[in-house]
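Have the viewer open as you read.

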Amino acid sequence: MLHGWPTTPAYVLDSVLTVVIANDPARDVMPEAATPGANVVLTVFGEAWRELDLDWDRTARRVVAAVRVI
């Protein structure tokens, strides 16, 4: 299914927000976060992501909200 979106970044997460699979555009846009096995929570709260994300506070709030849903 992801290969059917050759120009749209897409990825699938498991129940603990770990990347299961990602397509090439997703890996191009977010190489650290869209690698299978990467955990979104650990990535977003890592120092490298915090330095690159211009709106990190908003991103962090969204990730925390996603964790609460789990």
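What follows goes through the core, a few individual residues, a salt bridge and a surface patch.

First, the ground rules. This is a predicted model, so local features need pLDDT of at least 70 and side-chain atom pairs count only at pLDDT 80 or more, while totals for chains, interfaces and linings use all residues. Residues are numbered from 1 along each chain as its sequence is written, and side-chain values use heavy atoms, with hydrogens and water left out.

**The core**

Which residues make up the largest nonpolar core? There are eight of them: Leu17, Ala33, Val40, Val44, Trp49, Trp56, Ala60 and Val63. A nonpolar core here is a set of buried Ala, Val, Leu, Ile, Met, Phe, Trp, Tyr and Cys residues joined through side-chain atoms within 4.5 Å. Helix 2 and helix 4 (56-69) each supply at least two residues of this core, and helix 4 gives the largest share, three residues. Helices (H or I, at least four residues) and strands (E, at least two) are DSSP runs, numbered from the N terminus. As background, nonpolar side chains in soluble globular proteins tend to be buried together.

Leucine 17, one of the core residues, sits in the loop between strand 1 (11-13) and strand 2. Leucine 17 counts as buried because its relative accessible area is 11%; the cut-offs are under 20% for buried, over 50% for exposed and partly exposed in between (1.4 Å probe, protein chains only). Its backbone is worth a look too: phi is near 65°, a positive value in a residue other than glycine. Most residues other than glycine have a negative phi.

Leaving out residues up to four places away in sequence, leucine 17 touches Ala38, Asn39, Val40, Val41, Ala66, Val67 and Ile70. Contact means heavy atoms within 4.5 Å.

Setting aside neighbours within four places in sequence, isoleucine 70 is in contact with Ser15, Val16 and Leu17. Isoleucine 70 and serine 15 are 55 residues apart in sequence, yet their C-alpha atoms are 6.9 Å apart in space.

Alanine 38 is another partner of leucine 17. You'll find alanine 38 in the loop between helix 1 (24-29) and helix 2, and it is buried, with a relative accessible area of 15%. Beyond four places in sequence, alanine 38 is in contact with Leu17, Thr18, Val19, Glu32, Ala33 and Thr43.

Threonine 43 belongs to helix 2 (residues 40-44) and is buried as well, with a relative accessible area of 15%. What does threonine 43 touch, not counting residues up to four places away in sequence? The list is Glu32, Ala33, Ala38 and Trp49.

| Residue pair | Apart in sequence | C-alpha to C-alpha |
|---|---|---|
| Alanine 38 and proline 25 | 13 residues | 16 Å |
| Arginine 58 and valine 69 | 11 residues | 17 Å |
| Alanine 65 and threonine 43 | 22 residues | 15 Å |

Two residues from the table, arginine 58 and alanine 65, are in helix 4. Arginine 58 is partly exposed at 41% relative accessibility, and alanine 65 is partly exposed at 37%.

**Salt bridge and surface patch**

How many salt bridges are there? The count is one, taking a salt bridge as a side-chain nitrogen of Lys or Arg within 4 Å of a carboxyl oxygen of Asp or Glu. The side chains of aspartate 24 and arginine 27 form it, at 2.3 Å, N to O. The two are three residues apart in helix 1, so about one helical turn separates them. Aspartate 24 is partly exposed at 48% relative accessibility, and arginine 27 is partly exposed at 29%.

Finally, Val12, Val20 and Ile21 make a nonpolar surface patch of about 220 Å². Patches are made of residues with over 30% relative accessible area and no salt bridge, with like charges joined within 9 Å and nonpolar side chains (Val, Leu, Ile, Met, Phe, Trp, Tyr) within 5 Å. Areas come from the Shrake-Rupley method with a 1.4 Å probe, and for residues only the protein chains shown count as cover. Valine 20 is in strand 2 (residues 19-22) and is partly exposed, at 49% relative accessibility.
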